[in-house]
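User: Could you walk me through this model? I'd like to start with the annotated site and then move on to the pockets.
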Amino acid sequence: MKTVTFHYGSSSAGGFGRAAQERAIGRWLLLVAALVFLMVVVGGITRLTESGLSMVDWHPVKGIFPPLSQAQWEETFKAYQQYPEYKIMNRGMTLAEFKNIFWWEYLHRLLGRLIGFAFALPLAWFWLRGRIPTGYKGRLLGLLVLGGAQGLLGWFMVKSGLVDHPEVSHYRLTAHLTLAFIIFAALFWTAMNLLSHRRPIRDEAMNRSGKWLLALVFLQVIMGGLVAGLKAGYTYNTWPMMDGRFVPASIMDMAPFWRNFIDNTALVQFDHRLGAYVLFALSLSLLVRTILRREPGRAQAMAALLFGVLCVQITVGILTLLHMVPVALGAVHQGGALVVLAAVLAFLHIYRKSDRP
């Protein structure tokens, strides 16, 4: 049996004080989540414009400032010329052309620093003022650690492209992308906990369905990272067939066989397509079930929203593939994945198993 109840908090001064504190922290976390969203989109543009290796060192403090004089620009460009991307791919590039790729990577790193300040400084303020509700300190500290780890992982990824071949490791790129989605999910979920005044609907079956969808979304993100890292989107640019077949002939060309799942562009792209089909079917099934079971209106509305944004995301993905990954469509597709993730989390939050934290 499922129960639907509503909770609006205490009307006492103390209760109102706690509610106001929770709203403030929840809105702050949503703002940080929005910055992470922007960071992911800019990261996609940085990758698609092949700008990610334009900054060949990492100075967490000094690197806040870009080159400001002609001499500094020439020094930065000279440093870039010592690395494989210039020597192999961009030999003869002018300083003006270098600036075009430099600014995207600089903006990406600047956003990372901005997110760090936007999280750490308010966290310290809320902490020192005793405004953090019971049960949330450990989670917020964990998010701070994850943010720092993401910065280190980003540099670890870039370093892989500064050695012999001007391509970052697709394993490291996938890890970097996946951690960004984990951070976004943690921020968004915690914010919903703090901002929602409704108790969850107790329904084990719907909770389980939401968790399956969440797991599949993360699996799809991992597949998308491998597709991006291997540049698999520039091959098999037809749909629904791949090289005239639904299942391409080359999906098991590598040995040992397990390498195909992470290194074979044909199988990686096929898996990403297959993941989209499965998510489409499951989200449609979820919507139908909420209607047939006469679930509360908010659950039906969220299931419909989830199905809608997933359809848009799949359509954008197909168009991105057919047009050989133009920058605009590729960036929209990467950002759209976060919108799908947020919709799944919002649905799952309705059927979460506990109120706090």
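Analyst: Bear in mind that this is a predicted model. A definition first: a residue is called buried when its relative accessible area is under 20%, and partly exposed when the value lies between that and 50%.

User: OK, which residues does UniProt list for "binding site"?
Analyst: The UniProt record, an unreviewed entry, lists His272 and His333 under that heading.

User: Is His272 buried or exposed?
Analyst: His272 has a relative accessible area of 18%, and because the limit for buried is under 20%, His272 counts as buried. His272 sits in helix 9, residues 265-292, and, setting aside residues up to four places away in sequence, touches Gln220, Met223, Gly224, Val227 and His333.

User: And where is His333?
Analyst: His333 lies in helix 11, residues 327-350, and is partly exposed at 21% relative accessibility. Beyond its neighbours within four places in sequence, His333 contacts His272, Gln313, Val316, Gly317 and Thr320.

User: Switching topic, what lines the second largest pocket?
Analyst: That pocket holds about 470 Å³ of space and is lined by 21 residues, of which Asp57, His59, Lys62, Pro67 and Thr76 are the closest to its centre. By class, the lining has 11 nonpolar, five polar and five charged residues.

User: Which helix gives the most to that lining?
Analyst: Helix 2 does, with five residues; helix 2 (70-80) and helix 4 (95-128) each supply at least two.

Note on methods
Residues are numbered from 1 along each chain as its sequence is written. This is a predicted model: local features need pLDDT of at least 70, side-chain atom pairs count only at pLDDT 80 or more; totals for chains, interfaces and linings use all residues. Side-chain values use heavy atoms; hydrogens and water are left out. UniProt positions are given in the numbering used here, feature names are shortened, and annotations may be inferred rather than shown by experiment. Helices (H or I, at least four residues) and strands (E, at least two) are DSSP runs, numbered from the N terminus. Buried means under 20% relative accessible area, exposed over 50%, partly exposed in between (1.4 Å probe, protein chains only). Contact means heavy atoms within 4.5 Å. On a 1 Å grid over the protein atoms alone, a cavity is a set of points where a 1.4 Å probe fits but cannot get out, and a pocket is an open set with protein on both sides within 12 Å along at least five of seven lines; lining residues have an atom within 4 Å of a point. Grid points are joined across faces, edges and corners, and a volume is the space filled by probe spheres set on the points. Ala, Val, Leu, Ile, Met, Phe, Trp, Tyr, Cys and Pro count as nonpolar, Asp, Glu, Lys and Arg as charged, and the others, Gly among them, as polar.
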